[in-house]
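This report is for a reader meeting the structure for the opening time.

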Amino acid sequence: MSLVYSVFVPHPPILVPEIGRGEELKCQASLDAYYEIVNRLVQAEVETVILISPHAQLTQKGITLLTDEVVRGNFAQFGAAQVSLSFASDLVMIDQFQQDLAGVFPVQGPIDHGALVPLYFLKKAGWNGKVVLLGMPLERPEEYGVQMGGILDRLPGRHALVASGDMSHRLKEDGPYGLDPAGPECDKFVLQALQKDPKKIANLPVALVEKAGECGYRSLRMALAAKEGAPEVLSYEGTFGVGYLVADLYHSSPLPQWARGCLKAYLEKDDPGRLDLPDLSSGWFGERRGCFVTLKQNGQLRGCIGTTEPWQENLALEIQHNAVAAGTQDPRFRPVRMDELDTLSFTVDVLGELEKIAGPKELDPWRYGVVVRQRGKSGLLLPHLEGVDTVSDQISIAKQKAGISGEDSVELWRFEVKRHYE
């Protein structure tokens, strides 16, 4: 496997009950989200957690890497020395990072609280795998994220990336760092970008970020760059004047993995039907849904074919049909060759029900896909596409795909999708 899960979590020691002594209950939404996120990680059967902390030893250029065989730490500086943790390090991964990541500085020492808090909640959830602890890069976090994602794709096992960090520290007058208007503005921007276009997070003005007084901005950017996903914000709170964000950034889905296997079987034997169907009683596979299978190569579209309504007995067969079609029948591209299959990324969009709407005001290009119809012509555009930021853009492109003049009136239909990443 490779990187199967990526999350962003806060690290205030007050969330630890032995430290908060009841105060943590004022952040119940954060607690609930924290337990949800670590339980998801356990269910994903993660073997190694790579944890990025802004409170580890840092260097101006490059990243630090804890190289102890066993990492240990406790909450003594927060009045709870009895709460101690220890985890075995993943020495194979550490060695690989030292070989392949540029600008890695090996260090030793106890676990800082930026790592201790997430590890505390993981331990509470019953996780006891291996860890790799990194210091947050102060420069070029996206470059390190992309490099790390590539390394993890080459390593065996199931790995998770946990980016630790708090948002703005300047949200309230009575908070520990006071109020600066940049604080709420910065956090609002990040939350909206996560739900619409995560790449825009890197565009925040440096001065705004500095005034906000955050500590997790770079670790978040690094994690987002490691693997493209559909971020889900589980909670955000500023109870004590500091922003606590819990977000699921990426998790691997079996749907695009099945799509890849189907296309591979077709290219090898011209018969994807020889594959045993996945378990139809679990997850999405047994449902009857329309879906689109999208192939990309180096971030560029390489094929996309789908169905707005189900034509097959179940979603597994729907994906199988559309995966082969996306790889071999998209008229915009030459058919995929077997020798380029490993260079492709697969996503599967599972469609909800089509809903007829009265007009453009009922559309949102990030939430809804659109179907335009006029006298037998029909065009569809999926939601959440890079570069499609407005409803007018969305309708215009859908009309072009249908061969409908831009000035002509059309019937509008909308639908929601669940996008699944490998």
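Thr 307 sits in the loop that joins strand S12 (300-306) to helix H10 (315-328). The model is a predicted one. With a relative accessible area of 12%, Thr 307 is buried, because buried means under 20%.

Apart from neighbours within four places in sequence, Thr 307 has contacts with Gly 290, Cys 291, Phe 292, Glu 318, Asn 322 and Leu 351. Phe 97 lies 210 residues from Thr 307 along the chain, and the C-alpha atoms of these two residues are separated by 42 Å.

## Val 209 in helix H7

Val 209 belongs to helix H7 (residues 206-212). Is Val 209 buried or exposed? Its relative accessible area is 6%, so Val 209 is buried.

## Helices H5 and H8

Two packed helices are described by the angle between their axes and the distance between the axes. For helix H5 (residues 141-154) and helix H8 (residues 217-226), the axes come within 7 Å and cross at roughly 40 degrees. H5 is therefore oblique to H8. The crossing in which H5 passes H8 is right-handed.

On the H5 side, the contact is made by Pro 141, Glu 142, Tyr 144, Gly 145, Val 146, Met 148 and Gly 149. On the H8 side, Arg 218, Arg 221, Met 222, Ala 225 and Ala 226 take part. Sorted by class, the residues in the contact of H5 with H8 are seven nonpolar, two polar and three charged.

## Helices H3 and H5

H5 also packs with helix H3 (residues 91-100), at an angle of about 130 degrees and with the axes 11 Å apart. This angle makes H3 oblique to H5. H3 and H5 have a right-handed crossing.

Which residues of H3 meet H5? They are Met 93, Gln 96, Phe 97 and Asp 100, and their partners in H5 are Gln 147, Met 148, Ile 151, Leu 152 and Arg 154. By class, five nonpolar, two polar and two charged residues make up the contact of H3 with H5. Met 148 of H5 is named in the contact with H8 and also in the contact with H3.

## Aromatic pairs

How many aromatic pairs does a search of the whole structure find? The search finds seven. One of the pairs is Tyr 34 with Phe 121, which is stacked, at 4.1 Å centre to centre and 15 degrees between the planes. Tyr 34 is in helix H2 (residues 28-43) and Phe 121 is in helix H4 (residues 113-124), so this pair, 87 residues apart, links distant parts of the chain. Tyr 34 and Phe 121 are both buried.

Phe 121 also forms a pair with Tyr 120, and this pair is edge-to-face, with 5.3 Å centre to centre and 85 degrees between the planes. Tyr 120 is buried, as is Phe 121. Ring pairs join Tyr 34, Tyr 35, Phe 75, Phe 78, Tyr 120 and Phe 121 into a cluster.

How values were computed:
Residues numbered from 1 in each chain as written. Predicted model: local features only at pLDDT ≥ 70, side-chain atom pairs only at ≥ 80, totals over all residues. Heavy atoms only, no water. Axes fitted to C-alpha atoms, helices over the stretch in contact; angles between N-to-C directions. Helix = DSSP H or I, 4+ residues; strand = E, 2+ residues; numbered from the N terminus. Parallel < 35°, antiparallel > 145°, perpendicular 65-115°, else oblique. Left-handed = near helix turned anticlockwise from the far one by under 90°. Contact = heavy atoms within 4.5 Å. Nonpolar A, V, L, I, M, F, W, Y, C, P; charged D, E, K, R; others polar. Phe/Tyr/Trp six-rings, centres within 6.5 Å; stacked < 30°, edge-to-face > 60°. Buried < 20%, exposed > 50% of the residue type's maximum accessible area, 1.4 Å probe, protein only.
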